[in-house]
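Student: Hi! I have a structure open on my screen and would like to talk it through with you. Could you help me find my way around?

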Amino acid sequence: MGSAAPSFFRRAFIAFTSFRRALKDPGFAQAVSALAKAEAGRPQARPAGPATVPLAAAQPDSALLLLGLLQKEGRLLDFLKEDIKTYSDQEVGAAARIVHQGCQQVLNAHLKIAPVRDEPEGSRVTLEPGFDASAMRPTGNVVGDPPFVGALVHRGWRVVEMDLPRVTGGHDLRILAAAEVEL
Amino acid sequence: MSEKHYAVGLDLGTTHCALAFVDSDKSEGEDILQGLVAIPQLTAPGSVEARPLLPSCLYLPHPDEFKATDLGLPWETEPDRICGELARNQGTTTPIRLVSSAKSWLCHPDVDRKAAILPAGAADEIPQISPFDATVHYLAHLRNAWNGQFPYDPLSRQEVTVTVPASFDPAARELTAEAARAIGIAHLVLLEEPQAALYSWVNASSGDWRQQVRVGDVILVVDVGGGTTDLSLIAVTEQNGALELTRVAVGEHILLGGDNMDLTLAHLLKQKLGRTGVELDRWQLQALTHGCRIAKESLLADTDLDRIPVVVPSRGSRLIGGSIRTELTREEVQSTLIEGFFPAVDSSSRPANRPRGALTKVGLPYAQDPAVTRHLAAFLGRQTGATEDLAGFVAPAAGASFLHPTAVLFNGGVFKAEQLQARVVEVLNQWLAAEDAPPARLLKAQDLDLAVARGAAFYAHVRRHGGVRIRGGTSHSYYVGVESAAPAIPGMEPEIQALCLVPFGLEEGSEPVAAPQEFGLVVGEPVRFRFFGSSVRREDQVGELLEEWPEDELDELDEIQTTLPAKDHKKGEVVAVRLQATVTEVGTLELTAIPVGAPGQHWNIAFNTRGRSGE
């Protein structure tokens, strides 16, 4: 924030005087309305200088929970932890079916995932000014001002809904799969 | 303003339970606001998920098997019983501690249903519970799920329908009602599952069903669930210009379902692997069954696929090195599943009934013939006269060898594969064509897993707020066995006669009926009667005495018993009584003994659910 930003009392004063003037002066009201519309279309001013963004540490619980589910249903850890160098493609492929079937089941059951862009890959898309840079990433010849026009290379994925199982108090999530002992 | 805001349907299935409701306050006429309650359950140790279906499985863990903190639910629980998904999974590796199919045991005539006998044949050290207790536990789980979502409208204060198989006998219905009362359900009514499926169809059509059926239609409901096959016939009749539905016949209790089909495919693949020298253990067979179910569903859904790989994962952590790969082909599904379970047989064929080997231990009476179509042929053949007495029905054409349905409604997870629906309709229509009858139409059902719960909730709603009702009353006529007064002949059992106590189609809440015959009961001593039911003798009236009958028309049921308390009479005195029958509002059969000359008194006659083997 620049030091030029008005204080709270100053802002309150501006608001009251603007309110009265907007009622009296149609021209002023129109100018304020245009200002509000322009703001919606324009993103926040680019940060003037380097700034520190506080980093949030991801909570490990959901990650462990999801990993546990992927192992339980899709044997993902067994698959990734195994040395696949010595196996033929057919053997790896057979195991991959288990992983695919099971992990897909987990995703379908707990996460609703949709493409970020609905257009088919390869089609031409436009990134309007103020596009969400975390959801859409321009690459290659990134110059000039938006709108950017380019080919959709990857549709992207977005989590629409997430519904993970609830965990009982005292449950140790670090155990991704319990050791099994047949008696 | 009544407290009962919701009409709730509990589907207490052999393999799965479900819970649906109708918001009665916000429903008007055919505009029904309904919903489904996701049932919280343990899906893994320490992990609780709410799912639409609750597997009807109970696992009785060893005290050291789980950490107590890993077995918590949103409500207070007993750590010695696990219910639902985790129970089912755990049962695949430790079957000796798993209670499943409790519902089939609940109507098993040869066992005491309140004795701790499940898991069947468990070692002494393993705790056991009774089929009745297991039923109470499932119901309590559903109640807790409901109360968690609607804390201000507890289940005990709502209108509740619990579904039972149409083939449940009076004793099993009574046990179900008793279990429901045990968890505090005050406003209870029982409903037959095929009827619930039809209610669900009626509800889903929002009034349009009247365009899809007409007077004279006979709807065949084929309900093949995970463990049982249930058949019913429902006729479309007319009353004061409005369409009515009347349930005219129900089938026998057939223990045959989708689980048999998946297991059959798994054994087929196991043999195929066995020929290449690969042996599977129990855990792997279970995994193979799971794989077969998914492969089967893909093959039945997509006719372009010819084969689907099925991989049995290794049990150890070496997934790639230890997995076994095989394939399920379309041809195998065709020959095993379709030709095995839905063969194109004649309408005159009947299920094979090979004599059982000498029984060494009591098990469930699984159907011996896996062919659903043969069971269907037997059912329709038995019920040729089901619509004879109904107004507006064409008398069955002379020479009709089976009852001709005009429409078919499917229910149960098995028929999610539309190819199987088409197959049954095709076979049925061949039978109809052979007798010059028009083909049966397919009524489009939705949500085959959840239709029973939804239909049950709809029924609980229309019972109080009006709407279409399926009439029907008792699906059987009932008889008590009376020894005839003939001189005894050594070596011969005394001849038995059957006295009709309850006529076919006695409706719930109607006036009690009593046979005029008198019985002498000894005060203070338990008196037992043999008890019979018939699903085909529609014309017998109360008090009618049958001297003889074709063997397949009467089935012997649990015996009934009563004890006259020695309060008003001397012990050992003989009191003359009449036997009276009522169908309660709940939908159970109630038999009472009324002393002649003292009609104010009556004693309850109970169904003996303790099994025949105890004699």
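This is a predicted model: local features need pLDDT of at least 70, side-chain atom pairs count only at pLDDT 80 or more; totals for chains, interfaces and linings use all residues.

Student: Which other strand pairs with strand 12 of chain B, in the parallel sense?

Tutor: That is strand 17 of chain B (residues 407–411), over five bridges. For a landmark, look at B:Asp223: its bridge partner in strand 17 of chain B is B:Asn411.

Student: How many residues of strand 12 of chain B are buried?

Tutor: Seven of its seven residues are buried. In a regular strand, side chains alternate between the two faces of the sheet. Here both faces are covered: B:Val218, B:Leu220, B:Val222 and B:Val224 are buried on one side, and B:Ile219, B:Val221 and B:Asp223 on the other.

Student: Nice. New topic: what is the strand order in the open sheet of three strands in chain B?

Tutor: The order is 8-7-9, with antiparallel pairing. Strand 8 (82–83) and strand 9 (98–100) of chain B stand at the edges with a single partner strand each, so one side of each has no neighbour in the sheet. Strand 7 of chain B (residues 57–59) pairs with strand 8 of chain B over two bridges, and one pair to click on is B:Tyr59 with B:Ile82.

Student: Which helix lies across those strands?

Tutor: Helix 1 of chain B, residues 85–93, lies across strand 7, strand 8 and strand 9 of chain B, at about 65 degrees to strand 7 of chain B. Its buried residues include B:Leu86, B:Ala87 and B:Arg88. Strand 4 (39–44) and strand 5 of chain B are among the elements that cover the buried residues of this helix.

Student: What about helix 8 and helix 10 of chain B, at what angle do they pack?

Tutor: About 100 degrees, with their axes 10 Å apart. That makes helix 8 of chain B roughly perpendicular to helix 10 of chain B. B:Lys296, B:Leu299 and B:Leu300 of helix 8 of chain B make the contact with B:Arg330, B:Val333 and B:Leu337 of helix 10 of chain B. By class, this contact has four nonpolar, no polar and two charged residues.

Student: Over to the two chains, how many residues does each bring to the contact?

Tutor: Chain A brings 21 residues and chain B brings 20. On the side of chain A that touches chain B, the largest share, seven residues, comes from helix 5 of chain A. By class, that side of chain A has nine nonpolar, five polar and seven charged residues.

Student: Which strand of chain B do bridges join to strand 5 of chain A?

Tutor: Strand 5 of chain B (residues 47–51), through two bridges, with the strands running antiparallel. A:Arg166 has B:Val48 as its bridge partner.

Student: Last one: how many helices and strands are there in chain A?

Tutor: Five helices and five strands. Of the 183 residues of chain A, 10% count as buried.

Note on methods
Residues are numbered from 1 along each chain as its sequence is written. Chains are lettered from A and ligands numbered from 1 in the order in which they are written. Two strands pair if DSSP finds at least two bridges between them. Helices (H or I, at least four residues) and strands (E, at least two) are DSSP runs, numbered from the N terminus. Two residues are in contact if their C-beta atoms, placed from the backbone, lie within 7 Å. Axes are lines fitted to C-alpha atoms, for helices over the stretch in contact, and angles run from 0 to 180 degrees between N-to-C directions. Ala, Val, Leu, Ile, Met, Phe, Trp, Tyr, Cys and Pro count as nonpolar, Asp, Glu, Lys and Arg as charged, and the others, Gly among them, as polar. Angles under 35 degrees count as roughly parallel, over 145 as roughly antiparallel, 65 to 115 as roughly perpendicular and the rest as oblique. A residue is buried if 20 or more other C-beta atoms lie within 10 Å of its own, exposed if 12 or fewer, and partly exposed in between; C-beta atoms are placed from the backbone.
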